[in-house]
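Dear colleague,

Here is the structure I said I would pass on, followed by some notes on what was found in it. Please read the notes with the model open beside you.

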Amino acid sequence: MDLFDIDKSSQVVVERFMDSNIYYIDTFYKNPKKLVEYLNEQPIEMHIQNDKPIHVTSFNGTHFMDQRHILTDVTELVPVTNYLQKLCNQEPLYEKDRVVTNRFTFFRTGFNDYENNYWFPHFDKGYTAIIYLSENDEECGTNIYENVANDDKDYYECYNPWRSKNKWKVIKTLKPKFNRCILFDGSKFRHGMNIIDQRYFNHQYRFNQTIFFKE
């Protein structure tokens, strides 16, 4: 299977941002459309947030649909993980042959007030690679946030992810593009989806692959 073959001719562009390197690689995979077709044929699971208190109820499936592919023993992914590992100089968080995706859509409810709120500012364990697999989207990428006012101490991706624009400021937006890989330090920057309109409402899916690393 050559679905995870990297286009080695693609240039790696490095941006220095707040004393940290952000890596951009366009035309990352050689056969991205075939990869998307393959992934869409695989079983997908509803995302369950495990690091939440028992009393917190998930709204996944009620106000939005957050699904993940978790595919193991995909040996073809190992060279991809190794390639990105050399760039960020961190160990992968999961097995090198583990494919993780995020397929997300919102429902048209008052809960999803993107005009007055930003989506779920959060940290990861280390560097994070996002390969954007939604076609015809060069806007709804990934925001990097700065906290500018006191927010609730506890908020959760599955329960109260929307945070007031009065309390958070976007200091950078990582621009998406089909088959673009962006590698940035998710442990340094709070980040979340950039939702600016309703293109990903009612079963229009925002789709990407993620590879996580750890400090």
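Does Lys 172 count as buried or exposed, and at what relative accessibility? Lys 172 counts as buried, at 18% relative accessibility, where buried means under 20% relative accessible area, exposed over 50% and partly exposed in between (1.4 Å probe, protein chains only).

This is a predicted model, in which local features need pLDDT of at least 70 and side-chain atom pairs count only at pLDDT 80 or more, while totals for chains, interfaces and linings use all residues. Residues are numbered from 1 along each chain as its sequence is written, and side-chain values use heavy atoms, with hydrogens and water left out.

Ten salt bridges were found in the whole structure, each being a side-chain nitrogen of Lys or Arg within 4 Å of a carboxyl oxygen of Asp or Glu. In one of them, the side chains of Lys 172 and Glu 15 meet at 2.8 Å, N to O, and this pair links distant parts of the chain, with Lys 172 in strand S12 and Glu 15 in strand S1, 157 residues apart (strands are DSSP runs of E, at least two residues, and helices runs of H or I, at least four, numbered from the N terminus). Glu 15 is partly exposed, with a relative accessible area of 23%.

A salt bridge also joins the side chains of Lys 33 and Glu 135 (3.8 Å, N to O); Lys 33 lies in helix H1 and Glu 135 in the loop between S9 and S10, so the pair ties together parts that are 102 residues apart in sequence. Glu 135 counts as partly exposed, at 44% relative accessibility.

Best wishes
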